[in-house]
Structure formats: C-alpha cells, structure tokens
Amino acid sequence: MAQVNLSSQTVLDQSQSELTMPLSYLWPLRFILGFQFFTAWVRRYFNAPQKLDYYAKSNIGHKFQSFLPHAFGPIKALVGYLVLRPHLAWDFLIVFSWIECLVGLCLMTGTLTRLAALGGVLLSFGMLFGNGWQGTTCIDEFQIGTVEGIACMVFLFAGAGSGSIDHWIHKKWDGYVKIGRWSIHLT
Amino acid sequence: MTNRPIGPEAVKTPLEPSIVRRKSWVMLIIAVVVTLLAYQLEHHGLWGKLTNYSKTPQINLSGTHVSQRDLSLSLYRTGGPATYGSFVVQVTLKGVSGRRPWEVWGPKTLASLPSSALHNRYHFQQVKTGPWGLVVPLAAMARLTLPLSASADHKLKGAHRAEIIVQDVSGLAWTTVVPIR
C-alpha cells in the first residue's frame, strides 16, 4: 500500500518537473543560437572587414539593398527609406551589427537571457520578413529566420536554466525591473 | 498577471503548471502564424504556385518610355541570386506586329554607354557597364537613355506603340509594350 502511494507521488513529481524543469536541457540550443548571432558580428569585424568598408564593392549595404524587391510591407518601407539615404543605412547596419554582438554574447553566456532573447526575436523576424524570400537552391533564409526567431522566443518566455550567468545573478537579484506599472523580467 | 513575489525569493517559487501550459500555447500560436505567413508571402507555400524568386534573374521594365528621339529604358532587377549579376547584352526596339526591329543595341554599344546615359536610383547595388553589355545586380534600379538613329526615328513616325525586348546573355528575355510619346 505504502509502495503504491510512493509511486503515485513519484509520477506526480515527474509530471510537475516535466512542466517546469527541463530548461537546463536547452543550454546547447541557447549556446549555438548565441553563436550564430555573435559570429555574424565576428565575420564583419575580423574575418572579412571589407563587409564594413563603406567604399568596398561588396559591403553589407549591398546585401541590405538586395532585400528590397520582395521584402514584406513595413520592412520593405524601412529598407526602401534607408537605401535612398546610404549614410543613414550605414549607421543602421553598424548598430544592427553591435546588437547582434551583444545578443550573441548574452545568449551564449545566459546573461540577461530574456532581454537578449527579445533582441534575438526582433533581429531574426526582421531578417525573416526582409530577406526570407532569398536562397537559390533551397528556401534557406526562410528556414533560418523562422527557426532562430522561434528558438529565441522560447528563451524569451522561459529564461536560461542552470548553465548560465543568470543562475548566479538570481542569488542576488530576481531579474525584475519595475517601470511604472509594469514589472519586466530581464533574466 | 499573477502576484508573484518580488525579490530573490521570486526565482525560487516554482512556476504554476497552468501558466507554463498557457505560455506554451501562446508560443505555439505565434510560431505557427509567423511561419505560415512568411511561407505564403515569400514562397507561396500554402496556396498558389510554389515560388523561389532567387532562382533565375528577373528584370522589370515598367517605367520605360519611347520618344521620337530616344528610348528611355527603366531596369529594375527583382529576382535571381543575390550574389551574382544578370548580364544584359541586347536591347531591341520594334513595332508591335512587325518582325524586323527598328533599332538594336548590341553588347559593344551597351558596354560603351557613357555615364551620362546611365542613372542609378540607389547607392549600393548599381547597374554598371561591363566588357560585354550591362551588369545588373539584384535590386539595382537604373534609367538608361539610348538615342535613336535617324532611320529608326523615321520608322517610329507612323506607329503609336513600340515593343522593347531586353535580353540576358543566358537567353532570358523581358518584354514590354509602351506608347510612343
């Protein structure tokens, strides 16, 4: 009798932990997701610096303009506005690159994970509706945009789990910031 | 929202299963909506014919017009690989029903086009002259002014409309019919 009670208790614990605990298993996904954003920045600043040379033939402005023909509504308007003002477009692309760097580092280390994941969602979905129509042999930009954006969304809702700086931060601070009537969870 | 405690003890409070379930549903709905919307918009994956705009070059000629003195040709490349050009080697001007062209601009003529006859709209991706015609990168938009010879000008006089054919080196061709001003 006692044994039956014990096992039903275990089953209950198991189903509870299935609902709340498996965050820590997502560590590899979070790390690689961060790596993808971070290396976008590394490629521009270290591997191929001509991407950030305003006067180079194949800088990122060219890639950015190529979004234009089939980008989706608001993103198309933004790209169209910026490519007619190339210096402003350039500032935008530099800021975009540094946000990618910060989002990447924060996701890899699990620092302010929810805030970084929000950045990742905006970057990914922005790209998805900008160049999601590209990809010559398969529909890869669409696949990258959806998978990275939705993976970031999961971390936006769930946070980092145990293998993270946030886990350590939580010993000192719960990660909430109060702005007016909103309480925003950053970690 | 629920009244979660604020402060370090908030983190230690286990999540309510009902909240986890509700958040999962919200995430699933956002994921499905975003993915299907992008799939349909960008590739016509749900209905219509499946499309990949990046496969072969596509040049849009709308905005082109013909006057008695010249052909004002508008090129906007809307499709094909982002990494490589389309190569325009021939522009033909002809009557709508006639078989013989009124005027043909070949690769060498297009290659030696003066910069005053080539106006790009955008700064980054631009139509440029190459050794054999024009190099047209993805999303480049330009207006070319091609002067008509005296004989072509003469043939234009009786007609109301003209057909313009732009040919890529691969054999791809794009056509538009415009009224003569």
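Is B:Gly79 buried or exposed? B:Gly79 is buried, with 21 other C-beta atoms within 10 Å; a residue counts as buried at 20 or more such atoms and as exposed at 12 or fewer, with C-beta atoms placed from the backbone. This is a predicted model, in which local features need pLDDT of at least 70 and side-chain atom pairs count only at pLDDT 80 or more, while totals for chains, interfaces and linings use all residues. Residues are numbered from 1 along each chain as its sequence is written, and chains are lettered from A in the order in which they are written.

**Around B:Gly79**
- B:Gly79 lies in strand 3 (residues 70–79) of chain B; strands are DSSP runs of E with at least two residues, and helices are runs of H or I with at least four.
- Leaving aside neighbours within four places in sequence, B:Gly79 is in contact (C-beta atoms within 7 Å) with residues including A:Pro69, B:Tyr53 and B:Gln58.
- B:Pro137 is 58 residues from B:Gly79 in sequence and 9.5 Å away in space, C-alpha to C-alpha.

**Chain A against chain B**
- In total, 38 residues of chain A are in contact with 34 residues of chain B.
- Helix 1 (2–20), helix 3 (60–65), helix 6 (113–131) and helix 7 (140–158) of chain A each give two or more residues to the side of chain A that touches chain B.
- Helix 7 of chain A provides the largest share of that side, eight residues.

**Helices 2 and 5 of chain A**
- Among the residues of helix 2 of chain A that meet helix 5 of chain A are A:Phe31, A:Phe38 and A:Trp41.

Terms used:
Two residues are in contact if their C-beta atoms, placed from the backbone, lie within 7 Å.
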